[in-house]
Amino acid sequence: LERRIAEKLSRVANIRDLGQAVTDLAVQLFDIEFTGIYFRDPESHNLRLVGARGLDAEEIREAERTAWERHPGRVIRQGEPIMVDDTREDSSHRSVTSPHRRVEIRSRCYLPVNSGGEIVGTLGLASSRPGAFGDSHVEDMEFLADLAGLTWSRLLEQRRRETRDQILIAAGDAACERSATAG
């Protein structure tokens, strides 16, 4: 299992592929209707839903728009997982299904995605069934979340290197042009 996760994430070449790979793995591993992985955009600090399963386009827009106010934002701010066995019996009312949702969510599990000691995102699973998540889900999700965080960091570093290289090439081209016109 761990090797399969590591192999799939090692082949990821961009953020969209990372979101797709994580949601595909989550569905395969957990047989859950709804998955989502959010990452904090390094420039804007908004939470971006880079991968989702079980949501239509409107639900995805709403989930991303309200992410800081809901479980994904709480997990990032508090650094702690959130598990809700049954949303109808959640006395703290931490979990309410959005009115835009087609299906009532009865159980949820959200974990932080870490990279380099920093929480960079949130991995979430949700189900219309109460009590859908147990300790085995959390252990497997932690491994998936950890590798997703490492992959996120690798992709950001790759993007920084490519941007730096483009700047260096452009500066070199500009210097060649100046010396050609000066000579």
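## Ground rules

This is a predicted model, in which local features need pLDDT of at least 70 and side-chain atom pairs count only at pLDDT 80 or more, while totals for chains, interfaces and linings use all residues. Residues are numbered from 1 along each chain as its sequence is written, and side-chain values use heavy atoms, with hydrogens and water left out.

## Overall layout

The chain has 5 helices and 5 strands. Both are DSSP runs, numbered from the N terminus: helices are H or I with at least four residues, and strands are E with at least two. Along the sequence, the pattern reads α-α-β-β-α-α-β-β-β-α. The C-alpha atoms fill a box of roughly 80 × 35 × 30 Å, taken along the principal axes.

How is the chain linked to itself? Here, contact means heavy atoms within 4.5 Å. Take the contacts between residues at least 6 apart in sequence: 58% of them join residues at least 24 apart.

## Surface and charge

The chain has 183 residues, and 41% of them count as buried. Buried means under 20% relative accessible area, exposed means over 50%, and partly exposed is in between, using a 1.4 Å probe and protein chains only. The accessible surface comes to about 10200 Å², and 49% of this belongs to carbon and sulfur atoms. These areas come from the Shrake-Rupley method with a 1.4 Å probe; for residues, only the protein chains shown count as cover.

The chain carries 26 positive and 31 negative side chains. Lys and Arg count as positive, Asp and Glu as negative, and His and the chain ends are not counted. The centres of the two sets lie 3 Å apart. Each charge is placed at NZ of Lys, CZ of Arg, CG of Asp or CD of Glu.

In soluble globular proteins, nonpolar side chains tend to be buried together. A nonpolar core is a set of buried Ala, Val, Leu, Ile, Met, Phe, Trp, Tyr and Cys residues joined through side-chain atoms within 4.5 Å. The largest one here has 31 residues. Which members touch the most others? They are Leu9 and Phe39. At least two residues each come from α1 (2-10), α2 (15-30), β1, β4, β5 and α5 (135-182). Helix α5 gives the most, with 9 residues.

Now look at phenylalanine 39. Leaving aside neighbours within four places in sequence, its contacts include Leu18, Leu47, Val50, Val113, Val120, Ala148 and Trp152. A second, separate core has 11 residues, among them Leu55, Ile76, Ile105 and Ala126.

## Salt bridges

A salt bridge is a side-chain nitrogen of Lys or Arg within 4 Å of a carboxyl oxygen of Asp or Glu. How many are there by this rule? The count comes to 9. One of them joins glutamate 118 and arginine 40, with the closest N and O atoms 3.5 Å apart. Glutamate 118 lies in strand β5 (residues 118-127) and arginine 40 in strand β1 (residues 34-40), so the pair ties together parts that are 78 residues apart in sequence. Glutamate 118 is partly exposed, at 43% relative accessibility.

Glutamate 62 pairs with arginine 65, with the closest N and O atoms 2.9 Å apart. The two are 3 residues apart in helix α3 (residues 57-65), so about one helical turn separates them. Glutamate 62 is buried at 14%, whereas arginine 65 is exposed at 56%. Another bridge joins arginine 88 and glutamate 104, with a closest N and O distance of 2.7 Å. Both lie in the loop between β3 (82-84) and β4 (107-115), so this pair ties together parts 16 residues apart in sequence. Arginine 88 is exposed at 55%, and glutamate 104 is partly exposed at 36%.

Histidine 45 sits in the loop between β1 and β2 (47-53). Its phi is near 65 degrees, a positive value in a residue other than glycine. Histidine 45 is partly exposed, at 45% relative accessibility.

Leaving aside neighbours within four places in sequence, phenylalanine 143 is in contact with Glu2 and Ile5. Its C-alpha atom is 9.4 Å from that of alanine 6, 137 residues apart along the chain. Serine 153 is also in α5 and is partly exposed at 27%. The C-alpha atoms of serine 153 and valine 120 are separated by 9.0 Å.
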